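Reader: Please take one part of this model and look at it closely. Cover what follows it, what it is made of and what lies around it, then go on to the neighbouring features.

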Amino acid sequence: MNNIIIAIDGPAGSGKSTVSKLVAKELGLLYLDTGAMYRALTLKAMRENVDLEDGEALTLMTEKTLIRLDTMPDAETKVFLDGSDVTFEIRTPEVTDNIKYIARVPGVRRSMVKIQRETAAKKGAVLEGRDTTTVVFPDAQYKFYLDADLKERAARRFKELRSLGIETALSDVEKDAKKRDISDETRKVGALKRAKDAVYIDTTSMSIDEVVKKILAEIKKIK
Ligand code: C5P
């Protein structure tokens, strides 16, 4: 499959990342984790003490930043910020908490969307995030919206944080997930929306394998 674009959106914890990686691996496509790019920019702004309320400063910083995503043979992605590996640093709760300031800035999103389009168009890709089906590739051949109940999404995130050695309480993870839903769904640019022509999948009681199979079956149907 060449130059095929598969766009997958949904809220945090809907299973997008895990599923997208496996779909990309199965189809031999590049996997593009667009959230990792916003995370890397957030980390840089925090490290350099850029005022998170200053959209212009954040746009300027973005224009001077080099973000590289390298997909490893096992489909894991390494994230490089101006040449340094920040794969783990971008997953901390502090970074997650501050992404909303970066993600709402139109100039920042313009730069990210441009890179995402250029990278994916070269050889095709599976892109996942919040606006890949609505802004980045609204005309993608294959579009999916993954969803799950808040409690289930929080439980998944809690497990993921634990596996990264980050200790927190499940109730805090649930509160954070709810806050992130609100900021993702209500920002003026690049908000999380369910595209009318995206295939909707509720993953609450599905295994990863079932979701991957469902997506691959839908792709065969649409082909
Ligand atoms: O997917 P992940 O949870 O790593 O994304 C982190 C945050 O980055 C999201 O909560 C969202 O605010 C932002 N994001 C975005 N646009 C995307 C992907 C992620 O604004 N396409």
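**A close look at one helix**

Author: Gly28 comes directly after helix 1 and has a positive phi, near 70 degrees. The model is predicted, so local features need pLDDT of at least 70 and side-chain atom pairs pLDDT 80 or more, while totals for chains, interfaces and linings use all residues. Residues are numbered from 1 along each chain as its sequence is written, and side-chain values use heavy atoms, without hydrogens or water. Helices (H or I, at least four residues) and strands (E, at least two) are DSSP runs, numbered from the N terminus.

Helix 1 covers residues 16-27, 12 residues in total. From first C-alpha to last it reaches 16 Å, close to the expected 16 Å, a span defined as 1.5 Å times one less than the number of residues. Its buried residues (under 20% relative accessible area, 1.4 Å probe, protein chains only) are Lys16, Val19, Ser20, Lys21, Val23, Ala24 and Leu27. Their cover includes strand 1 (5-9), strand 2 (30-33), strand 6 (125-129), strand 7 (142-147) and helix 9 (208-222), where contact means heavy atoms within 4.5 Å.

Now the ligand. Some polar contacts (N or O pairs within 3.5 Å) can be listed. A ligand nitrogen lies 2.9 Å from a side-chain N or O atom of Thr34. Ligand oxygen atoms lie 2.6 Å from such an atom of Asp184 and 2.8 Å from one of Arg187.

Definitions and conventions. Buried means under 20% relative accessible area, exposed over 50%, partly exposed in between (1.4 Å probe, protein chains only). A polar contact is a pair of N or O atoms within 3.5 Å; within protein, one must be able to donate a hydrogen and the other to accept it, and residues adjacent in sequence count only if both atoms are side-chain atoms.
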